[in-house]
Amino acid sequence: MSVPPLNPGLFHLDPFHLWVMHCSEGPVPRSVVKGVRDWLHKELWPWEVQWQEDALALPAEVRQTAAAVIHAQPEDISLTPTTSSALVTLAQGYPWRAGDEVLAPLGEFPSNVYPWKALEARGVSFREVPLWEGQRAGARAWESSPPPSDGDFEARILKALGLRTRMVVLSWVRFQDGLKLNLARLGEACTERGVHLVVDGIQGAGTAIPELQHVSAFASGGHKGLLAPQGLGFLWTQPAFRSLLTPTGTWLSVEGGTEFARASTDHDRAWVEDGRRLEPGVPNLMGCAGLRESLNVLLSPGVNAIAGHVRQLQDHLLGALRTCPGWREEAYRLRDLLERDRLGSILSFHCGERSPETMQELLTQGMNRGIFASVREGYLRIAFHGWHEEGDISRIAEWLRASGTAS
Ligand SMILES: Cc1ncc(COP(=O)(O)O)c(C=O)c1O
């Protein structure tokens, strides 16, 4: 087992608390607290706040580090409060025509549904496609079968493309079943058909590098795998796609917006072409002070090192569970998915015959042992990151073994 690429000492986690739910909320590294505190201290004495350094250079640095985390270019990054707000920017800004359609896999997180449903009044429809036989969502989500290891999920999406489909919108890594979709394959096929691929990347950002070559947009809040406080994330847009969008910025989104020698009321200016075009005013600078630290923590070993480590942890846990009667089948299914590069950082164990109450009880038993996991729509989610280590695997395996064959 490799040494964790993120030193556990970077975080404020004591040995009792084993947090395997950054898929809900990532822990922030201690350095974030210092970064935000230093920023706030400046705000105590406003004469300490330097326009150039704090209001312009800080966000610029965050765009740069965010770009590095997804192997992209800084000029294609816009700072946005959340994944949701980024997707709303795209949905509201795209030049729709009545009759256009948005296609999504069944069972997306609501952040990637409502921005598109809101377009109904403009004549744009939203259609969902199941990714495998037996997949259920909504009120029937708990009746769903889990993703089969040999499923061709992309083929189902591509087969569902219609003549009116303008956009495919999907999660790179899905929040409940943990499935990772192949962005390269989807993006290439969408591009060939003149369809935009828009990605909700929050469950993958920080623990893997997305393949963006044929993607139009990639959005992520900062508070999960990116390990930042809630309230600031980013949106990456492909330049040609971005130029199609109605700018949602104002004074900092136009040429020379900060040249105070020129009258601010001189509104005869061109929109900038880079990601600032989509940023509404001064970004959340306190959030920037935090997000900068989190991103630098990730960049120190590099996201690829984190991805490799997470994969090893997953492999070891699944190996340990192959002799555990209650979870053996799921361990085999997930191992197959892992080998086919079908998983992000979440191992989502399907509940099988277990009831919601039984799953809740399982979580409580885990918490009593100091293990903090989560359940969504019938899946027990164990999410690893760069600071987890071999000893954590043994604790989780012991907990799940103790839960026996409960069904
Ligand atoms: C796939 C996915 N997208 C979006 C969100 C919400 O992100 P935000 O609050 O940044 O809009 C979540 C949160 O669980 C999620 O799992």
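This is a predicted model: local features need pLDDT of at least 70, side-chain atom pairs count only at pLDDT 80 or more; totals for chains, interfaces and linings use all residues.
The protein chain is split into domain 1, which is made of residues 8-29 together with 303-401, and domain 2, which covers residues 51-299. The C-alpha centres of domain 1 and domain 2 are 27 Å apart, and 32 residues of domain 1 are in contact with 32 residues of domain 2. On the side of domain 1 that touches domain 2, the elements that give two or more residues are the helices α9 and α10 and the strands β9 (346-350) and β12 (379-383). The largest share of that side, five residues, comes from α9. By class, the side of domain 1 that touches domain 2 has 15 nonpolar, nine polar and eight charged residues.

Two of these elements, α9 and α10, also pack against each other. Two packed helices are described by the angle between their axes and the distance between the axes. Helix α9 (residues 303-321) and helix α10 (residues 328-339) pack at an angle of about 150°, and their axes are 8 Å apart. Because angles over 145 degrees count as roughly antiparallel, α9 is described as roughly antiparallel to α10. The crossing of α9 and α10 is left-handed. In the contact itself, Q314, D315, L318 and L321 of α9 meet R328, A331, L334, R335 and L338 of α10, and by class this contact has five nonpolar, one polar and three charged residues.

A further helix pair is formed by α1 (residues 30-44) and α8 (residues 285-299), whose axes come within 8 Å and cross at roughly 150°. That angle makes α1 roughly antiparallel to α8, while the handedness of the crossing of α1 and α8 is right-handed. The residues that make this contact are S31, V32, G35, V36, D38, W39 and L40 on the α1 side, and L285, M286, A289, G290, R292, E293, S294 and V297 on the α8 side. Sorted by class, the contact of α1 with α8 has eight nonpolar, four polar and three charged residues.

Conventions: Residues are numbered from 1 along each chain as its sequence is written. Axes are lines fitted to C-alpha atoms, for helices over the stretch in contact, and angles run from 0 to 180 degrees between N-to-C directions. Helices (H or I, at least four residues) and strands (E, at least two) are DSSP runs, numbered from the N terminus. Angles under 35 degrees count as roughly parallel, over 145 as roughly antiparallel, 65 to 115 as roughly perpendicular and the rest as oblique. A crossing is left-handed if the near helix is turned anticlockwise from the far one by less than a right angle, and right-handed if clockwise. Two residues are in contact if their C-beta atoms, placed from the backbone, lie within 7 Å. Ala, Val, Leu, Ile, Met, Phe, Trp, Tyr, Cys and Pro count as nonpolar, Asp, Glu, Lys and Arg as charged, and the others, Gly among them, as polar. Domain bounds come from an automatic or database domain assignment.
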